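Student: I have a structure open and want to learn to read it. Can you take me through it?

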Amino acid sequence: MKINRMPLLMVPVLGLGSCAQAPPQPAPAPRVATPVPPPPQYTPPPPRPAPPRVAAPTTGTAGWRDLPQTPGRWTYAADSAGSAVRFGPAGAAPLLVLRCDRSRPALVLQRPGFGAGTVPAAISTSSTVRRLSASPAAGSGAVQNAALPFEIAFAIRDPLLDAIAFSRGRWVLEMGGAETLVLPAWSEIGRVIEDCR
């Protein structure tokens with residue numbers, strides 16, 4: 001029997017091939033630990049600035065109810081054109097007149113003021129606030145540095161008149177160029193309103 005030597009020679013060659021080592025792999029780069037940032041610390045927000053202070057209460061704000069009442073009293077009187085109520089200190093010129101003018105027909109609120117033309121006005125009651133305009137009374141002329149009679153005319157059924165008559169305790173009249181009046185809501189006001197209706 002003949003031995004084939006070729007396959008046997010291959011065995012050592014094959015065996016050597018299996019002994020060959022794979023080329024060395026480079027070592028992995030060492031891992032560098034990345035620093036973990038500390039958790040954010042809570043910082044409270046800066047305090048809010050205080051709201052601006054309001055100098056004095058004005059019409060349309062709840063503060064007008066705390067203003068001192070203007071000194072004086074209401075007096076009722078009937079005249080040929082209709083009835084009227086006047087408010088002011090005893091023995092002095094009235095600060096305010098509310099009269100029934102049957103010739104228009106209207107209820108006319110009059111008070112001394114300053115200016116050559118129409119001035120802004122406002123009335124505040126416990127239920128209503130209304131911005132108005134006051135005009136110099138007809139025939140009052142213009143006198144420099146002197147108070148003139150200014151007036152606001154109301155239709156006889158104007159709901160603002162009822163709001164004035166039924167205001168809780170007081171109501172306020174502001175008119176450009178004149179002192180703010182804080183007036184008591186007495187029954188005389190309702191009486192002149194009813195006379196005109």
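Tutor: We will look at the sheet, then at some aromatic rings. Keep in mind that this is a predicted model.

Student: What order do the strands of the sheet follow?

Tutor: The general idea comes first. Strands of a sheet pair through backbone hydrogen bonds, either parallel or antiparallel. Here, 9 strands form an open sheet, in the order E1-E2-E3-E4-E7-E6-E5-E8-E9. The pairing is antiparallel.

Student: Which strands stand at the edges?

Tutor: Strand E1 (73–79) and strand E9 (181–184) do. Each has a single partner strand, so one side of each is left without a neighbour in the sheet. On average, neighbouring strands of this sheet are turned by 25° against each other, direction ignored.

Student: How many bridges join strand E2 to strand E3?

Tutor: There are 4 bridges between E2 (residues 82–88) and E3 (residues 96–101). Phe 87 stands opposite Leu 96 in E3.

Student: Now the rings. How many aromatic pairs does the structure hold?

Tutor: A pair of aromatic rings is described by the distance of the centres and the angle of the planes. This structure holds 2 aromatic pairs. Trp 74 and Phe 87 form a tilted pair: 5.1 Å centre to centre, 55° between the planes. Trp 74 lies in strand E1 and Phe 87 in strand E2, 13 residues apart. Trp 74 and Trp 171 form a stacked pair: 6.4 Å centre to centre, 15° between the planes. Trp 171 is in strand E8, 97 residues from Trp 74.

Student: Are Trp 74 and Trp 171 buried or exposed?

Tutor: Both are buried. Phe 87 is buried too. Trp 74, Phe 87 and Trp 171 form one aromatic cluster.

How values were computed. Residues are numbered from 1 along each chain as its sequence is written. This is a predicted model: local features need pLDDT of at least 70, side-chain atom pairs count only at pLDDT 80 or more; totals for chains, interfaces and linings use all residues. Side-chain values use heavy atoms; hydrogens and water are left out. Two strands pair if DSSP finds at least two bridges between them. Helices (H or I, at least four residues) and strands (E, at least two) are DSSP runs, numbered from the N terminus. Axes are lines fitted to C-alpha atoms, for helices over the stretch in contact, and angles run from 0 to 180 degrees between N-to-C directions. Rings of Phe, Tyr and Trp (its six-membered ring) pair if their centres lie within 6.5 Å; planes under 30 degrees apart count as stacked, over 60 as edge-to-face and the rest as tilted. Buried means under 20% relative accessible area, exposed over 50%, partly exposed in between (1.4 Å probe, protein chains only).
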